[in-house]
Amino acid sequence: MPDPMTVASGISAVGALASAWQLRRRAVRAEAEIELLQAELAAERHAASHDPLTGLPNRRAFFRLAATLLTDAAGKPLVAIVLDLDDFKQVNDRYGHAAGDQVLVSVAQRLAAFAGDNLVARLGGDEFAGLLVSPMVDRRWIEHATRRLCEALAAPIPLGARSIRVTASVGLAPVHGPTQLTDALCRADAAMYQAKTVGAARAARQLVAER
């Protein structure tokens with residue numbers, strides 16, 4: 001006949017193992033729930049700071065990130081850039097909003113490729129902005145950068161069985177100090193709107209800010 005103490009000891013050991021297994025299971029479940037919550041929080045933060053269509057930072061994130069870049073620039077020359085697509089409404093009217101969205105995505109990808117590791121963002125609609133670290137900020141460099149960007153944006157964009165071309169009006173202006181971003185963006189914006197007056201006959205409509 002089994003010893004009652006031995007049986008009791010065995011039952012206790014089994015109970016301890018069961019309890020440990022339950023605790024481990026609860027711990028694993030808690031870790032999974034924490035990871036899920038962290039992922040959801042990260043997704044919410046990303047959604048709050050990024051444009052859902054293009055994946056670029058949105059207007060609010062642009063100014064927040066730009067402020068940090070300006071503080072950490074350590075005297076490096078910086079250039080603000082503003083661009084707006086020409087007659088973008090015609091794309092939506094002629095090909096539909098899905099095609100318009102694809103154009104915006106393509107423009108965002110080309111702008112990001114042009115900017116490299118620099119900050120670019122979609123401010124809203126068909127308006128984009130950027131803050132570029134440049135080797136210099138003289139007029140010749142700005143004209144060259146503007147021309148390259150306009151040419152990149154004007155390349156054909158595939159839309160199913162067809163492809164279309166869009167042009168952009170671009171304005172660039174040097175940022176003269178950590179507190180001068182707003183002023184630089186205003187000058188770049190003014191240059192961009194002046195570029196729109198040049199006329200659609202030019203393949204790459206662009207104008208450089210005077211200072």
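Contact here means heavy atoms within 4.5 Å, and helices (H or I, at least four residues) and strands (E, at least two) are DSSP runs, numbered from the N terminus.

## Basis of the description

The structure is a predicted model, in which local features need pLDDT of at least 70 and side-chain atom pairs count only at pLDDT 80 or more, while totals for chains, interfaces and linings use all residues. Residues are numbered from 1 along each chain as its sequence is written, and side-chain values use heavy atoms, with hydrogens and water left out.

## The helix pair α4 and α5

Helix α4 (residues 97–115) and helix α5 (residues 139–153) have axes that come within 10 Å and cross at roughly 145°; axes are lines fitted to C-alpha atoms, for helices over the stretch in contact, and angles run from 0 to 180 degrees between N-to-C directions. The crossing of α4 past α5 is right-handed, where a crossing is left-handed if the near helix is turned anticlockwise from the far one by less than a right angle, and right-handed if clockwise. On the α4 side the residues that take part are V107, R110, L111 and F114, and they meet A145, R148, L149, A152 and L153 of α5.

## The chain as a whole

The chain holds 6 helices and 6 strands, and along the sequence these follow the pattern α-α-β-α-α-β-β-α-β-β-β-α. Of the contacts in the chain with a separation of 6 or more, 68% are between residues 24 or more positions apart.

Of the 211 residues, 38% are buried; buried means under 20% relative accessible area, exposed over 50%, and partly exposed in between (1.4 Å probe, protein chains only). The chain exposes about 12500 Å², of which carbon and sulfur atoms supply 57%, with accessible areas taken from the Shrake-Rupley method with a 1.4 Å probe and, for residues, only the protein chains shown counting as cover.

## The open sheet

An open sheet of 4 strands is arranged in the order β2-β3-β1-β6 with antiparallel pairing, two strands being paired if DSSP finds at least two bridges between them. Its edge strands are β2 and β6 (168–175), each of which pairs on one side only, and the twist averages 20° from one strand to the next. Helix α2 (residues 59–72) packs on this sheet, touching β1 (78–85), β2, β3 and β6, and its direction makes about 150° with that of β2. Helix α6 (residues 181–196) lies across β1, β3 and β6 and runs at about 150° to β6.

Strand β6 is mostly covered, with 8 of its 8 residues buried.

R122 is found in strand β2 (residues 119–124) and counts as buried because its relative accessible area is 14%. Leaving aside neighbours within four places in sequence, R122 is in contact with D51, L53, T54, L56, P57, N58, R59, L104, E127 and F128.

The side chain of R122 also reaches the backbone oxygen of G125 at 2.9 Å, a polar contact in the sense of a pair of N or O atoms within 3.5 Å, where within protein one must be able to donate a hydrogen and the other to accept it, and residues adjacent in sequence count only if both atoms are side-chain atoms. G125 takes a positive phi near 60° in the hairpin of β2 and β3, which has 2 residues between the strands.

## Two loop residues

D87 sits in the loop between β1 and α3 (88–95), and its phi is near 55°, a positive value in a residue other than glycine. D87 is classed as partly exposed because its relative accessible area is 48%.

V137 lies in the loop between β3 and α5 and is likewise partly exposed, with a relative accessible area of 34%. The C-alpha atoms of V137 and L78 are separated by 7.5 Å, although these residues are 59 residues apart along the chain. Not counting residues up to four places away in sequence, V137 touches P77, L78, V79, I142 and P174.
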